Amino acid sequence: MVSGLSSQPQSGSNELRVHWNSPLSGQRKASGKYQVGQLDFDEIVEFAQEADSLGVDSLLMGIGFHMPDPLPMLGALVRETKRVKFLLAYRPGLLSPTLFAQVVNTVSWMSDGRISLNLVAGTSPAEQAYYGDFLAHDERYARSNEFLDILHRFWRNETPLSFEGDHYRIKDAQIGLGYKGGGRPEIYISGASEVAQQTAVDHGDCWLRYGDTPEGMAAAAKSVLTQGGRVGTRMHVLARESREEALADLAELMGNPDEEHRKRIAAAVASSDSVAVKTSFQLADSAESDWISPMLFSGAVAYRGGPALCVVGSYEEVAAYLYEYKAAGVSEFIFSGWPTQEEMRIFYTRVLPLLRRHERAG
């Protein structure tokens, strides 16, 4: 793992950490289209404030052409909340590493250090081209490694900093405002390829990948865990008082699917060079009647992508199943729901206490 000062998790080291996805893309229905072309920021503030009161660890601030940019919203949200952290998803290549470090350091002071980073190399050559980026998959990760190397040097106060690589060249760089407290943010690296895993081990704190069964996660995570890294996964969850109620709500959420949206997603997947995207859709395609396991529903992946693999069941069933991931080496979850604020409330008030009980007993 990378050396140097780190902003370490504040929760108990033996407890699973549970983050939630901020609703930037307007996901309200499992099989419907995204809500684009508008931004209800008051709704996002309300969501963040409830997450704050519920004790959510971090809110993922996603990135994508169909969503508003997370950076300006994060700057506002840290002033509307007190405790919840914000996990900023961003792509190397959009900003210079010097400017990016300056922005992150500034937010660390605005928020008393409530920022962490989810660096993603990019999943779609077509979308990357929207922003003037034409690097292939492995070259994007090579650039990410240079980007992260420079960031770590800034946070170790190795200034004035000069760097000359294949993707970045800076000379005698200095930043007047360091990271608050002299540390750095936690760094999460997303991806399913070997190069993504190695980037997480070399420059990050936690490797993130889309969901799988506990057995599948254990096999995929072995290399990272062996090298001392943490492992997290990104999924949906739907928990109700009884399994029958959960299945009934799932059927309603999947009703009247938008098939044109599904076709657009399929076309995007076909043109993607992301191992994570390809793997998640292959996993969903292998499912029997849209169920990868009795607890893991894959039917929404065709409409929502890899994060839409969904744990479904009663409160106790969901808690028990999530505890199985701990034995598989997973230490963190990033969840979403449909609609996400109501599901967040259900999870943190009804499911998480049961999950903590399993951890104490275990």
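Predicted model: local features only at pLDDT ≥ 70, side-chain atom pairs only at ≥ 80, totals over all residues.
**Notes on salt bridges and a helix pair**

1. What do the side chains of Arg 17 and Glu 186 form where they meet? They make a salt bridge, with an N to O distance of 2.9 Å. Now find the two ends in the chain: Arg 17 sits in strand 1 (residues 17-21), while Glu 186 belongs to the loop between strand 6 (169-173) and strand 7 (187-190), so this pair ties together parts that are 169 residues apart in sequence.

2. Arg 17 has another partner as well. Its side chain meets that of Glu 332 in a salt bridge of 3.5 Å, N to O. This one also links distant parts of the chain, since Glu 332 is in strand 13 (residues 332-336) and Arg 17 is in strand 1, 315 residues apart. Glu 332 and Arg 17 are both buried.

3. Are they buried or partly exposed? Glu 260 is partly exposed because its relative accessible area is 48%, between the 20% and 50% cut-offs. Lys 263 comes out as partly exposed too, at 46%.

4. Salt bridges that share partners join up into one network made of Arg 17, Asp 57, Lys 85, Glu 186, Arg 230 and Glu 332. Over the whole structure, the search finds 24 salt bridges.

5. With a relative accessible area of 2%, Arg 184 counts as buried, because that is under 20%. Its side chain is joined to that of Asp 205 by a polar contact of 2.9 Å.

6. Finally, a pair of helices. Helix 12 (residues 315-327) packs against helix 13 (residues 340-361) at an angle of about 50°, and their axes are 8 Å apart. That angle makes helix 12 oblique to helix 13. Which residues make the contact? From helix 12 they include Tyr 315, Val 318, Leu 322 and Tyr 323, and from helix 13 they include Ile 346, Phe 347, Val 351 and Leu 354. As for handedness, helix 12 and helix 13 cross in a right-handed way.

Definitions and conventions: Residues numbered from 1 in each chain as written. Heavy atoms only, no water. Salt bridge = Lys/Arg side-chain N within 4 Å of Asp/Glu carboxyl O. Helix = DSSP H or I, 4+ residues; strand = E, 2+ residues; numbered from the N terminus. Buried < 20%, exposed > 50% of the residue type's maximum accessible area, 1.4 Å probe, protein only. Polar contact = N/O pair within 3.5 Å; in protein donor to acceptor, adjacent residues only side chain to side chain. Axes fitted to C-alpha atoms, helices over the stretch in contact; angles between N-to-C directions. Parallel < 35°, antiparallel > 145°, perpendicular 65-115°, else oblique. Left-handed = near helix turned anticlockwise from the far one by under 90°. Contact = heavy atoms within 4.5 Å.
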